[in-house]
Amino acid sequence: MDSGAQSPRPAQDPGAPPGRRTANAHAPGTPPAGTGTPDRPTAETDTPGAPGAPAANGGTPAEPAMDSGASGTSGEPAMDSGTTGIGRRIRRLREERGISLSALARAAGVGKATLSGLENGTRNPTLETLWAITAELGVPLAMAVGTPPAAGAGGSGPAGARAAGIPVVAGTAVEGTLLQVFEEEGVTYELYRVVIRAGATQVSPAHHEGVTEHVTVFAGTLSAGPAGAPLRAGPGEHVSWRSDVPHTYAALGDLDVHASLLIRYPRR
């Protein structure tokens, strides 16, 4: 999205019912500029200390280990680079709020060793874990993963985004490229280009109170929304729901879903 564009308005007020489906709310025949069809993600290693690419001196540096996810969930590592920066941000946010590492791990439903490794840059967390931690801290995800550079940087797809320093996060089924973070009075918005892979269902923990999600589908058939009562949308359709409850994402059928995701966070 161009940084000069007007801030989109959410399709649903936080006080509205848990979910809503709107056909052709945005009527996008094709993805708008900045939200083109992303590449399929590359599988990441989940073995602690697994060898990475050969170093210049012929050695093989160890990569951060992948955690097992919040509350027993599992998935791909959230990011394939920048783990140390994520850890520093999370530690700073935790310490600013006077929360101990043990207390945050317990509240977020993650292991103390997982959180410690994340803060020290030795663990690569899943998207589910990052959402659980940031929800307990009461901050948007971008406060942990960092904000994207100026609009227009980087090529299409996750590979081009990573090369340009744009945050790309991944979970069990969802891979999201953070396109823009913008604010209005009392509210922060994050805009993502997302791919939801066929054949997997992602269960995400509740965000902090009042957070809503708004998805516009470009390709594929989406099932997403509150766990136990998901909504369905096809190409050109839009769904929104309160995501301060556990919620799910899945692609119905054999095709991946390509969509935009707008997350609205009221400030605490």
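Buried residues account for 50% of the 268 residues in this protein. The model is a predicted one. Its secondary structure amounts to six helices and 13 strands. Take the contacts between residues at least 6 apart in sequence: 70% of them join residues at least 24 apart.

Start with the helices. H2 covers residues 101–108. Four of its residues are listed as buried: Leu101, Leu104, Ala105 and Ala108. Look down the axis of H2, and these buried residues fall within an arc of 100°, so they line one face of the helix. What do the buried residues of H2 pack against? Their partners are helix H1 (83–96), helix H3 (112–119) and helix H4 (127–137). Just after H2 comes Gly109, with a positive phi of about 75°.

In H3, the buried residues are Thr114, Leu115, Gly117, Leu118 and Glu119. The cover over them includes H1, H2, strand S3 (123–124) and H4. A glycine follows here too: just after H3, Gly121 takes a positive phi of about 80°.

Now look at how H1 meets H3. Two packed helices are described by the angle between their axes and the distance between the axes. For H1 and H3, the axes come within 7 Å and cross at roughly 110°. On the H1 side, the residues in contact are Thr83, Ile86, Gly87, Arg88, Ile90, Arg91 and Arg94. On the H3 side, they are Leu115, Leu118 and Glu119. The residues of this contact divide into four nonpolar, two polar and four charged.

Four strands form an open sheet in the order S7-S12-S9-S10, with antiparallel pairing. Which strands stand at the edges? They are S7 and strand S10 (231–233). Each has a single partner strand, so one side of each is left without a neighbour in the sheet. Neighbouring strands of this sheet are turned by 15° against each other on average, direction ignored. Helix H4 packs on the sheet and touches S7 and S12. The direction of H4 makes about 15° with that of S7.

Strand S12 spans residues 247–252. Is S12 largely enclosed or open? Five of its six residues are buried, so S12 is largely enclosed by the rest of the structure. Its pairing can be followed on both sides. Strand S7 (residues 201–204) pairs with S12 in the antiparallel sense over four bridges. There, Val203 stands opposite Thr248 in S12. Strand S9 (residues 221–226) is joined to S12 by six bridges, and the two run antiparallel. Two pairs can be picked out on that side. Leu222 has Ala251 in S12 as its bridge partner. Ser223 stands opposite Ala250 in S12. In a regular strand the side chains alternate between the two faces of the sheet.

Two residues in other strands are worth a look. One is Val187, placed in strand S6 (residues 187–196). Is Val187 buried or exposed? Val187 has a relative accessible area of 7%, so it counts as buried. Which residues does Val187 touch, leaving aside its neighbours within four places in sequence? Its contacts are Phe182, Arg264, Tyr265, Pro266 and Arg267. Pro266 lies 79 residues away along the chain, yet the C-alpha atoms of Val187 and Pro266 are separated by 4.5 Å.

The other is Ser260, found in strand S13 (residues 257–266). Ser260 has a relative accessible area of 12%. Buried means under 20%, so Ser260 qualifies. Again leaving aside neighbours within four places in sequence, Ser260 is in contact with Tyr192, His214, Val215, Thr216 and Phe218.

Terms used. Residues are numbered from 1 along each chain as its sequence is written. Side-chain values use heavy atoms; hydrogens and water are left out. Buried means under 20% relative accessible area, exposed over 50%, partly exposed in between (1.4 Å probe, protein chains only). The arc is that of the directions from the helix axis to the C-beta atoms. Contact means heavy atoms within 4.5 Å. Axes are lines fitted to C-alpha atoms, for helices over the stretch in contact, and angles run from 0 to 180 degrees between N-to-C directions. Ala, Val, Leu, Ile, Met, Phe, Trp, Tyr, Cys and Pro count as nonpolar, Asp, Glu, Lys and Arg as charged, and the others, Gly among them, as polar. Two strands pair if DSSP finds at least two bridges between them.
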